[in-house]
Amino acid sequence: MATRKVRYKKLNTKTPLPVLREDEVDPSEYESLTTEHVIATGVEQAEENEVHLQTVLQGAGIAADQEIPVPPPQGSELRYDELYSQPFQKTATYIRFSQTVEECIGCTYDLKDADVAFLKSYNQKRPVASQLSEDDFEQIMEVFEDTAHYKTPFASVDQTIVPYEDMVQGLQGLETANISAMSHAKEAYEYWKSRRQASSNLPLHPMVKFEIDREKDDLDPYVCFRRREVRQTRKTRARDAQSADKLKRLRRELEDGRQLILTAYHRELLKAEILRTDRAIYEQRAQLKEQKKRLGIKANDEDLINVKPQKIKRVSDVPTVQRPPQPTALRTIP
């Protein structure tokens, strides 16, 4: 007879519960109910029959040293301090990162067949101790490509070649990384320049092909991210004009309020500066009065009070005395 699985649920007054007498319960079922306990494992039902998990569950409360075996941790020989030398600074926003491991710690430039041929002919002319390795050559070419992409992003349009003097700064960074780049940089630059000119000054890195000339690239199936058709702008409706006017007015009112707050703030700063100046003047006058008492100087205390300066009347402000007109000669009547 199959054993009954007990599932603990909350009691509900609307759900009727069966009431069994002692003689109505099967003895084998009663024994299974008292001895078997269904414990919530917290794992999926398909994984509950795992051997080690069942062993731990059956020995629950008996032995405390039982555990599910896991593979022991193994030490790594990677030197993460050398791979991630720059200190990490927590950003203010979320980190959006999609670069691969090779793009972070490796060289993104790969040798081509033409590069192998050039490197072979170049090393034949030099002694073994001063030959250029493939890894160093890839690092130098990567510096050239990155510098050209940063300084001339539209090089394929205007056919601008970055001069060698602008590449020196990036090559000096390779010197600090124990890569002998300066002794081979001039010849490698001439080779890189010829490769760029042969490819219409396009990047040597494999990259997505964008639309450059609409007429020529219209039928090219390898062009990605084509330009959209320019839609004709619709006429501004009256409702849009009203909304724009309301936004402009709201913007102007907010700016006026902001300027008012700034003006009040500067006014309070000036008041505080005036109070500090008055306090300093008062302290200086107190010290001056003490010095006068000590030296026995008797004089008026006009320099200890604030005397309002008298206004100097201007010449134009003085009223001019108007002379009466001269009397005219009286004419006698004969």
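Predicted model: local features only at pLDDT ≥ 70, side-chain atom pairs only at ≥ 80, totals over all residues.

Colleague: Is Tyr 80 buried, partly exposed or exposed, and why?
Modeller: Tyr 80 counts as partly exposed because its relative accessible area is 45%. By definition, buried means under 20% relative accessible area, exposed means over 50%, and partly exposed is in between, with a 1.4 Å probe and protein chains only. Residues are numbered from 1 along each chain as its sequence is written, and side-chain values use heavy atoms, with hydrogens and water left out.

Colleague: Which element holds Tyr 80?
Modeller: Tyr 80 sits in helix H3, residues 80-83. Helices (H or I, at least four residues) and strands (E, at least two) are DSSP runs, numbered from the N terminus.

Colleague: And which residues make the nonpolar surface patch of about 530 Å²?
Modeller: Leu 78, Tyr 80, Leu 83, Tyr 84 and Ile 105 make that patch. Patches take residues with over 30% relative accessible area and no salt bridge; like charges are joined within 9 Å, and nonpolar side chains (Val, Leu, Ile, Met, Phe, Trp, Tyr) within 5 Å. Accessible areas come from the Shrake-Rupley method with a 1.4 Å probe, and for residues only the protein chains shown count as cover.

Colleague: Zooming out, how many helices and strands does the chain have?
Modeller: The chain has 10 helices and zero strands. Buried residues make up 15% of its 334 residues.

Colleague: Which residues touch the most other members in the largest nonpolar core?
Modeller: Among the 23 residues of that core, these are Phe 137, Ile 140, Met 141, Phe 144, Met 167, Leu 171 and Trp 192. Helices H5 (113-124), H6 (134-151), H8 (168-176) and H9 (182-198) each supply at least two residues of this core, and H6 gives the largest share, six residues. A nonpolar core here is a set of buried Ala, Val, Leu, Ile, Met, Phe, Trp, Tyr and Cys residues joined through side-chain atoms within 4.5 Å.

Colleague: Tell me about Phe 144. Buried or exposed?
Modeller: Phe 144 is buried, because its relative accessibility is 0%. Phe 144 belongs to helix H6, and its C-alpha is 6.5 Å from that of Met 167, 23 residues apart along the chain.

Colleague: Switching to charges, how many salt bridges are there?
Modeller: A search of the whole structure finds nine. A salt bridge is a side-chain nitrogen of Lys or Arg within 4 Å of a carboxyl oxygen of Asp or Glu. One of them joins Asp 115 and Arg 195, with the closest N and O atoms 2.7 Å apart. Asp 115 is in helix H5 and Arg 195 in helix H9, so the pair ties together parts that are 80 residues apart in sequence.

Colleague: Are those two buried or exposed?
Modeller: Both Asp 115 and Arg 195 are buried. In contrast, Arg 79 and Glu 82 are exposed, and their side chains meet in a salt bridge at 3.3 Å, N to O.

Colleague: Last one: what is the phi of Asn 201?
Modeller: Asn 201 has a positive phi near 60°, in a residue other than glycine. Asn 201 lies in the loop between H9 and H10, and counts as buried because its relative accessible area is 2%. Ser 200, in that loop too, has a positive phi of about 60°.
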